[in-house]
Amino acid sequence: TTPVAVSGISNATQVSASADHTCARLSDSTVKCWGYNNLGQLGDGSTTTRTTPVAVSGITDALEVYAGSDFTCVLLNSGKNKCWGYANYPKRGDFSKQKTPLLVSGISNVTQVSAGPSHSCARLSDSTVGCWGYNNYGQLGDGSTTQRITPVAVSGISNATQVSLGNNHSCALLSDSTIKCWGYNSEGRLGNSSTTHSSTPVTVSGITNAVEVSAGYGYTCARLSTGRIKCWGDENRIGDGRTPATTVQQINIDGSSSVGKVLRGDAGSNTTCIVKNDGNLSCWGEGSSGQ
């Protein structure tokens with residue numbers, strides 16, 4: 001319930017934690033992962049669970065790494081994207097294992113990737129967004145609920161500056177400082193004052209000055225240009241101490257007027273943390289395991 005050092009990691013530049021495994025990008029542009037590995041999500045060519053970090057096979061030019069629930073993706077310097085772990089889930093219902101990185105087809109100009117529990121999205125250099133994977137609630141944003149084994153364009157998004165995925169929902173920050181979300185919406189995680197699922201993007205109500213979006217398990221948060229945080233969705237996780245239903249709530253952290261950056265596990269975790277401008281961390285949400 002207090003921080004412990006990860007063995008053998010002394011040159012990390014970025015880290016991404018999922019439910020059961022964690023990965024780090026190192027300063028030499030390689031990637032190491034550790035934790036559960038039943039489907040090859042550690043990328044070392046095995047399905048052996050590891051309690052210390054192992055090198056991901058064949059990755060020497062990583063820009064960022066993103067851990068999904070049982071898979072992992074990495075953005076490369078070339079603008080391409082590779083993934084490994086739970087492989088052919090959109091093709092068939094078995095648990096196929098991709099134990100080493102595999103190139104994602106059809107996109108080569110990626111600038112940012114986000115991994116959800118069962119789908120992934122990439123922001124492209126032309127400010128559009130492509131998504132692939134499970135799509136049972138429209139979380140791929142292409143107007144359908146058809147699963148996709150290759151990326152499809154998100155409808156109506158042409159000015160995205162960032163994308164973030166939660167559990168069966170997706171959100172994009174746009175260049176006009178608004179946010180659009182799509183997919184599952186039972187807790188109001190899309191922020192449009194409804195609980196209706198949407199297979200195409202809907203605008204988050206009342207957000208006009210966002211600088212960052214972060215989607216969690218059943219909720220979403222935005223950092224505003226004022227330094228404040230606003231969240232919407234699951235009342236147990238948004239951090240305002242009230243039950244919000246579907247409306248966007250402003251979160252005041254320790255009375256601070258400037259909180260820095262929103263963080264969360266990339267697989268849609270139940271815990272949200274923020275880096276404050278004084279270098280301290282504040283967290284809220286699920287804490288039963290000390291997280």
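Four strands form an open sheet in this predicted model, in the order β9-β10-β11-β12. The pairing is antiparallel. Two further topics follow: the salt bridges, which come to 4 by the rule used here, and Asp 70, which is buried yet has no salt bridge.

**The open sheet**

- The edge strands are β9 (110-115) and β12 (148-153). Each of these edge strands pairs on one side only.
- From one strand to the next, the twist averages 20 degrees.
- Strands of a sheet pair through backbone hydrogen bonds, in either a parallel or an antiparallel sense.
- β9 pairs with β10 (residues 119-124) over 5 bridges, in the antiparallel sense.
- Ser 114 stands opposite Cys 121 of β10.

**Salt bridges**

- The count is 4 salt bridges. Three of them are described here, including the pair Arg 50 and Asp 44.
- Arg 50 bridges to Asp 44, with the closest N and O atoms 2.8 Å apart. Arg 50 is partly exposed, at a relative accessible area of 27%. Asp 44 is buried, at 18%, because the cut-off for buried is under 20%.
- Arg 189 bridges to Glu 187, and here the closest N and O atoms are 2.3 Å apart. Arg 189 counts as buried, with 2% relative accessibility. Glu 187 is partly exposed, with a relative accessible area of 25%.
- Arg 223 bridges to Glu 212, with 3.0 Å between the closest N and O atoms. Arg 223 lies in strand β18 (residues 219-224) and Glu 212 in strand β17 (residues 210-215), so this pair ties together parts that are 11 residues apart in sequence. Arg 223 counts as partly exposed at 23% relative accessibility. Glu 212 counts as buried at 10%.

**Asp 70**

- Asp 70 sits in the loop between β5 (62-67) and β6 (71-76).
- Asp 70 is buried but has no salt bridge. The nearest side chain of opposite charge is Lys 97, at 11 Å. A salt bridge needs the nitrogen and oxygen within 4 Å.
- The side chain of Asp 70 does make a polar contact with the side chain of Ser 69, at 3.5 Å.
- Leaving aside residues up to four places away in sequence, Asp 70 touches Leu 39, Gln 41, Gly 85, Tyr 86 and Pro 117.

Technical notes
Residues are numbered from 1 along each chain as its sequence is written. This is a predicted model: local features need pLDDT of at least 70, side-chain atom pairs count only at pLDDT 80 or more; totals for chains, interfaces and linings use all residues. Side-chain values use heavy atoms; hydrogens and water are left out. Helices (H or I, at least four residues) and strands (E, at least two) are DSSP runs, numbered from the N terminus. Buried means under 20% relative accessible area, exposed over 50%, partly exposed in between (1.4 Å probe, protein chains only). Lys and Arg count as positive and Asp and Glu as negative; His and the chain ends are not counted. A polar contact is a pair of N or O atoms within 3.5 Å; within protein, one must be able to donate a hydrogen and the other to accept it, and residues adjacent in sequence count only if both atoms are side-chain atoms. Contact means heavy atoms within 4.5 Å. Two strands pair if DSSP finds at least two bridges between them. Axes are lines fitted to C-alpha atoms, for helices over the stretch in contact, and angles run from 0 to 180 degrees between N-to-C directions.
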